[in-house]
Amino acid sequence: MRKTIIAGNWKMNHLGSDVDSTLKALTKAVGTSSKAEIVIAPVFPYLASAVALTKGTPVRIAAQNMHWKDKGAYTGEVSPAMLVDLGVSHVIIGHSERRMDCNERDATVNLKVKAALAHGLTPIMCCGETLEQREKGDMQSWIEGQIEKGLAAITPEQMRSVVIAYEPIWAIGTGKTASAAQAEEVCAIIRRKIAALYDRALADDVSILYGGSVKGGNIAELTGSADIDGALVGGASLQAEDFMAIIDNAVIK
Ligand code: PEP
């Protein structure tokens, strides 16, 4: 079933004391139940404490990346088995900052999505176009290509556990949010592509999130759109109060 998901990507922010205070404030504000699935992605060193701090609450913990192998000679990497061992439930895969700064490609995104699923982790697979691609009229083919290559060899059964995040690169951390109409257009393109790769009923069950300067003031319009099922939030997830405003104002379909 399609879920509303509000996920916070803390990126390389927050020391241990900030992780502690922010998660304590967030879990207190959320209480014992939430209509939206709430996910927070701290940096690797604080995943264990984040899992402990959110135990028994509706807040789930994600990693911001992982390797696709279980173990071995991969210096500096973290495996899906290690994330599961820590109690992590979700993992962000193919964020545009990793695609641009760490040379992450669709083929490795696909390996990571497959590994996450094999380990029972929920992958949040990111896609998104640059402003240049949008202005050249290449947005649709680029997004469809990222979806097709990122999901290669994912079975229909596995696809039910995949979450997609559409994040136009020109809207990330820039304060420029895509209009609800622009975001909806692309999320609908993604859903149609998933329907073409699998079938319409399955595509209708996949949660597709929008990311790019989401705030408490724009989440209602975004999630009020037919194909937007939540948000992947960067800057506005760092403070519990700002993130709560997004959770509270999200439209649950
Ligand atoms: C992100 O990095 O995933 C993101 C959406 O960032 P921001 O909300 O700050 O634009």
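Reader: So, K176: buried, exposed or partly exposed?

Author: Keep in mind that this is a predicted model. K176 has a relative accessible area of 47%. Buried needs under 20% and exposed needs over 50%, so K176 counts as partly exposed.

Reader: And where does K176 lie?

Author: In the loop between β6 (163-166) and α9.

Reader: What does K176 touch, leaving out residues up to four places away in sequence?

Author: W170, A171, G212 and S213. There's also V214, 38 residues away along the chain, with its C-alpha atom 9.2 Å from that of K176.

Reader: Switching to the core. Which residues touch the most other members of the largest nonpolar one?

Author: L26, L151, I164, I190 and I194, out of 69 residues in that core. Helix α9 (residues 180-197) gives the largest share, 8 residues.

Reader: Take L26, then. What does L26 touch, not counting residues up to four places away?

Author: I40, V59, A240, F243, M244 and I247.

Reader: OK, helices now. At what angle do α5 and α7 pack?

Author: About 45°, and the axes are 8 Å apart. Roughly parallel would need an angle under 35 degrees and roughly perpendicular would need 65 to 115, so α5 and α7 are oblique to each other.

Reader: Which residues make the contact?

Author: From α5 (residues 106-118), D106, V109, N110 and V113. From α7 (residues 139-150), Q146, K149 and G150.

Reader: How many of those are nonpolar, polar and charged?

Author: The contact has 2 nonpolar, 3 polar and 2 charged residues.

Reader: Which residues of α5 are buried?

Author: D106, V109, N110, K112, V113, A115, A116 and L117. An α-helix has 3.6 residues a turn, so residues three or four places apart point the same way.

Reader: What covers the buried residues of α5?

Author: Among others, α3 (80-86), β4 (90-93), α4 (96-101), β5 (122-127), α7 and α8 (156-159).

Reader: What span should α5 have, and how far apart are its ends?

Author: With 13 residues at 1.5 Å a residue, α5 should span 18 Å. The end C-alpha atoms are 18 Å apart, so that agrees.

Terms used. Residues numbered from 1 in each chain as written. Predicted model: local features only at pLDDT ≥ 70, side-chain atom pairs only at ≥ 80, totals over all residues. Heavy atoms only, no water. Core = buried A, V, L, I, M, F, W, Y, C linked by side-chain atoms within 4.5 Å. Buried < 20%, exposed > 50% of the residue type's maximum accessible area, 1.4 Å probe, protein only. Helix = DSSP H or I, 4+ residues; strand = E, 2+ residues; numbered from the N terminus. Contact = heavy atoms within 4.5 Å. Axes fitted to C-alpha atoms, helices over the stretch in contact; angles between N-to-C directions. Parallel < 35°, antiparallel > 145°, perpendicular 65-115°, else oblique. Nonpolar A, V, L, I, M, F, W, Y, C, P; charged D, E, K, R; others polar. Expected span 1.5 Å × (residues − 1).
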